[in-house]
Amino acid sequence: MYPFTYHRPGSLADAVKLAGSDEAKIMAGGMTLLPTMKQRLAAPSDIVDLNGLDLAGIKVEGGKVTIGAMTRHADVAGNADLHKAIPALAELAGMIGDPMVRHRGTIGGSVSNNDPAADYPSACLALGATIVTSKREMAAEDFFTGLFETALEPGEIVTKFVFPVPEKANYQKFRNPASRYAIVGVFVAKFAAGVRVAVTGAGSSGVFRQFDFEEALSKIFSTQAIEGIKQSADGLNSDIHADAAYRAHLIGVMARRAVEAAR
Amino acid sequence: MASVTLTVNGKTITRDIDPRTLLVEFLREHMRLTGTHVGCDTTQCGCCTVHVDGKALKSCTLLAVAVDGSTIMTIEGLAKGEDLHPMQAAFREYHGLQCGFCTPGMIMSAVDMVRRKGTDLDDKTIREELEGNICRCTGYHNIVKAIHYGAEAMGKAGTAAE
Amino acid sequence: MSGTGIGARVQRKEDFRFITGKGQYTDDVNCYGQAHAVFLRSPHAHADIVSIKLDAARDMAGVVDIFTGDDLAADKIGGLICGWMIHSKDGSPMKAGAHPALAQGKVRYVGDHVAVVIAETQAQARDAMEKIEVDYKVLSPVVSMADAVRAGAPVLHDVAPHNIVYNWSLGDEAAADAAFATAAHVTKLDIINNRLVPNAMEPRAAVGDYNSGSGGFTLYTTSQNPHVARLVLSAFIGIAPEHKLRVIAPDVGGGFGSKIFIYAEETVCVWAAKKVGRPVKWVADRTEAFLSDAHGRDHVTHAEMALDASGKILGLRVKTRANLGAYLSTFSSCVPTYLYAPLLSGQYDIPAIYAEVDGIYTNTAPVDAYRGAGRPEATFVIERMVEVAAREMKQDPAEFRRRNFVRNFPHQTPVIMCYDAGDYDASMTKALEMADYKNIGARKAASAKKGLLRGVGFSAYIEACGIAPSAAVGSLGAGVGLWESAEVRVNPVGTVEILTGSHSHGQGHETTFAQLVSERLGISIDNVAIIHGDTDKVQMGMGTYGSRSGAVGMSALSKALDKIETKAKKVAGFVLEASPDDIEFKDGKFSVRGTDKEIDFASVALQAYIAHKFNGQELEPGLKESAFWDPTNFTFPAGVHICEVEIDPATGVTRIDRWTAVDDFGNVINPMIVEGQVHGGIAQGVGQALLEGAVYDANGQLVTASYMDYAMPRADDLPSYDVGMTQTACPSNPLGIKGCGEAGAIAAPPAVMNAITDALGHEEIAMPATPLAVWRAAQRLAPRAAAE
């Protein structure tokens, strides 16, 4: 690691101020940031640790689930109210990393980092989450802008997520055999107004919605409805673990399995 | 430099450290607790697993300053003198280790697994919950067995609730 | 004898320190005043070094010194060596390019060592390393073997103008051709054995120290064979004469072959300790391990098998290209030659075999022995060939194998080996029973109902362990003898210290060696200490690899214990006033035959040291003996593994549903430890078959340089294993031991691939059979699977 100055602000206002400087980096769980710094791939002048802020917690009320940005994956995975409201979201959290990573990693950190193979972005997009920051509220569609890129401005900090409760939903993840990140992750959410399908792990510009699947599933919510719809391999990632054609194929398989398992 | 106070295996110490210091470096270099190991750079192998405020974490991906004030348990703090923790005893009894390098992390993970999942653990659960620990020697067969019986023994000994 | 002797499932003595965090690995060693070394590694696969500018780096905080290849050359420090001479079939010696510990003018793979920075802290060394300016003239790399041998390809070493280290052959070509001329059926297969990275969980590390008062060096290092390290560092590299160099391999966190070799880093650390006048410590991070640990396997083979109409094998022809990487690592040359082709006969009676092997240089990390070393590659060839031949001839694969098994021993194969003992039929019978093979059809049908493909695969492997006798391996080009030594020191109170040249890095020698002592001397294993891994304590030894510690190391111990018994009987004779010939030794007691006069072992030990009952002219005081053991033959562990897989054709995911292993390791000291070795070996073999593969891109960059891209087997990738044993004692050592350390890694890959190809119905898939590969292969299911 390169040297940096460490800050642990006690208020959001202080955190925003500290995080506003050019070379500062915000640290939530640090599960991505620290390995990056250890490999000297990042050289922040300042680390603004959010662990001193009161940003954790899960609340279910009025058809909405609110999750604080500093809520750990393990706490999302283990929350009984969430398991009743949106079991798919709790199950997704339980598939991130490993038990030790889930004890430290946070939903806010994961979403803000927008790793194209991360799990949470698919839930945000499919569930139509509202992302609340230190200065505004954003729809998930507006938040994710590309690979590791979001609409967050310098110093802007995600504080919480508001997820509408769907009729049913499910997340299916196909893991990279080495990293265990998603090669393809498909989140399917059925609302009264229609079905939303979001895909992570596969897109070369990050998480995306599968509108053809959405349209078909909104008409008939069954695996047969999307059986014949071919996902194009254009714009999908290719690496030694999965080429674009395989990813395209897996999107269909995972989507059908998600529809089948949705509850 | 930053001042850090940690209670490690029951002993409270305060040190001035470079903020870059990882918890594993703090344990190994400042406290000479070399039972916690480093086996990778990518937070995957789990050799560095310790308990921070009762939960298993990877000490290679944690700044020591970030856990200032915490209570840490390392592999060295698990046994009470010569009396092994039931999970340690199970690893020995069921031959759940060979070279021993991943073992401290495995045992710390296993104890945490019992805290989260209870003392009646089936093989499938154990294998899934070991996602964050890599062993190159044992093929996991005997680790799974050791954790199964270690968990059972923790239940009988009443250590699971500690 | 009590429950701690030979054959007992004794809990391991060494475990207490490991489970309490008190193991002492090399990274746990800190010498007073030590500085830290970091290596500048080549970012290019192939480049000339035009210049290295160190000024800016030297000015960085905390820098103690920086060295390059010129500094080593100025001190006349020799290059790393390859200790096994292979001759090409035309009789010419292999073409070994120079292998400096720090590059001299040229780098040949990504990760090659360019300079070392020594600083007060590792972070400071790294900071300074980034300030070194190297002007490279980048050359075209040759990454694949096909590229390397192409006409006009860039050349790595001037001594090897076509990047060919050797063209080696074994067997009788004419006899093989004659067998093919009469064949009713010929099976042909192209086979790739994928490149692996060993990945012991403890990364390599070294701490070098120099005492200017005594002129002695000490090197702590992650080694499987500290004495060989000392020999090479002394005699070839020229660090110091052996009596001035102490090499200590403390607790070592796994090796699997990768810690046999003498690497640049420990060489530089121990040399630099004198240069800077301080201890110098280096610890690899995982990416460095991926880049610079010697890799394993990496063969491309075409094989042909001749059969008569009944399915009897008549002959085998094999042509293999072996990737040896950019330099010849310590034992690399023998792995694809003498550790490979002599095993191509498998468990089968094959009248004629001919093998050709080309060793190739490429701009990749050096390749050397990895668990099994040559024998997994041979087993993969013969077991895939046999399985495919059985399929082509519409025969049951188990029956096909039985038809061709060697049944009479000793059996001289056409490729050097003389199998001394075995019962391959017994292992097959037991394995079929344990695997419930007769009901495989029903299980396949049940899987098919779920839309899944089930397949079963066999592997009837044989290996050659011990790697001895010395004279034999010497005649094949080995630069060393492959005996082992042991010393038994009985203390006056009757406790025993064993000094062995074997080295444990997970194998449990502190327990199994103590079990042998317990059995022989009738004392508790708690009264036995096993000392190993320190050249100042153990005089000489050859270390641990090739599943040799039981068969060779414990045989040396057995021989030394014979001498102890003989001497102790003389002492007992004086004490009991009887002739040594009349003394019996049983259950820890010496007695005079036909009387009730007896004395226990501890009392004899005391008498040996106080020497009151005899005079020093009749008998030397003390009770200490040593022995060297050089076997009369290799040992030949063999067995049958059966793997059953279930494939989801929609995703390509392969799940191993059942694993049956029946192994014949001869006599077994501790079944618990032996089973553990089998489990671990299978896991590595399954890793090779399903998950692992080192991938270089076209520029020679290692794509799989961390666990993010190199898939290590995790607990949920693997099944539980059903392990059984059969036993035929090994006739070539006093304990009847064959060795068990590599069996699983040798047996497993063909068992998995035979199962997958059985499920798929065709042979068009290579290792690792990742979900991507299996999904692609499942796109074209052959009629066989569809029809079932």
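In the predicted model, helix α10(C) meets helix α19(C) through Arg375(C), Pro376(C), Thr379(C), Phe380(C), Glu383(C), Arg384(C), Glu387(C) and Arg391(C) on the α10(C) side and Ala745(C), Ile746(C), Pro749(C), Pro750(C), Met753(C), Asn754(C), Thr757(C) and Asp758(C) on the α19(C) side, contact being defined as heavy atoms within 4.5 Å. The residues of this contact comprise 7 nonpolar, 3 polar and 6 charged, where Ala, Val, Leu, Ile, Met, Phe, Trp, Tyr, Cys and Pro count as nonpolar, Asp, Glu, Lys and Arg as charged, and the others, Gly among them, as polar. Helix α10 spans residues 375-392 of chain C and helix α19 residues 743-760 of chain C, and the two pack at an angle of about 30 degrees with axes 8 Å apart. Axes are lines fitted to C-alpha atoms, for helices over the stretch in contact, with angles from 0 to 180 degrees between N-to-C directions. Helices (H or I, at least four residues) and strands (E, at least two) are DSSP runs, numbered from the N terminus. The two helices are therefore roughly parallel to each other; angles under 35 degrees are classed as roughly parallel, over 145 as roughly antiparallel, 65 to 115 as roughly perpendicular and the rest as oblique. The crossing of α10(C) and α19(C) is right-handed, a crossing being left-handed if the near helix is turned anticlockwise from the far one by less than a right angle, and right-handed if clockwise.

The local features reported for this predicted model need pLDDT of at least 70, and side-chain atom pairs count only at pLDDT 80 or more, whereas totals for chains, interfaces and linings use all residues. Residues are numbered from 1 along each chain as its sequence is written, chains are lettered from A and ligands numbered from 1 in the order in which they are written, and side-chain values use heavy atoms, with hydrogens and water left out.

Ile564(C), Ala568(C), Val571(C), Ala572(C) and Val575(C) of α16(C) meet Phe601(C), Val604(C), Gln607(C) and Ala608(C) of α17(C). The contact consists of 8 nonpolar residues, 1 polar and no charged.

In chain B, helix α2 (residues 86-93) packs with helix α3 (residues 103-117) at an angle of about 125 degrees, with the axes 10 Å apart. The pair is therefore oblique, and the crossing of α2(B) and α3(B) is right-handed. Met87(B), Gln88(B) and Phe91(B) of α2(B) make the contact with Thr103(B), Met106(B), Ile107(B), Ala110(B), Val111(B) and Val114(B) of α3(B). Of the contact residues, 7 are nonpolar, 2 polar and none charged.

Between chains C and B, about 4100 Å² is buried, 56% of it on carbon and sulfur atoms; buried area denotes the accessible area (1.4 Å probe) that two parts lose on being put together, summed over both. This contact involves 53 residues from chain C and 45 residues from chain B. Ile19(C), Met201(C) and Arg714(C) supply 18% of the area that chain C buries against chain B, more than any other three residues. Chains C and A bury about 1800 Å², of which 54% is given by carbon and sulfur atoms, and the contact takes 24 residues from chain C and 20 residues from chain A. Here Met708(C), Leu772(C) and Trp775(C) supply 27% of the area that chain C buries against chain A, more than any other three residues.

Phe174(A) is found in strand β11 (residues 168-175) of chain A. With a relative accessible area of 8%, Phe174(A) is buried, the classes being buried under 20% relative accessible area, exposed over 50% and partly exposed in between (1.4 Å probe, protein chains only). Not counting residues up to four places away in sequence, Phe174(A) touches residues of chains A and C, including Tyr181(A), Tyr246(A), Thr651(C), Val653(C) and Pro771(C).

Several backbone features were also identified. The peptide bond from Phe409(C) to Pro410(C) is cis, with omega near -5 degrees, and Pro410(C) lies in the loop between α11 (397-404) and β16 (411-412) of chain C. Another cis peptide bond joins Met767(C) and Pro768(C), with omega about -5 degrees; Pro768(C) lies in the loop between α19 and α20 (771-778) of chain C. In chain B, Thr43(B) has a positive phi near 60 degrees, although not a glycine, and is buried, with a relative accessible area of 7%.
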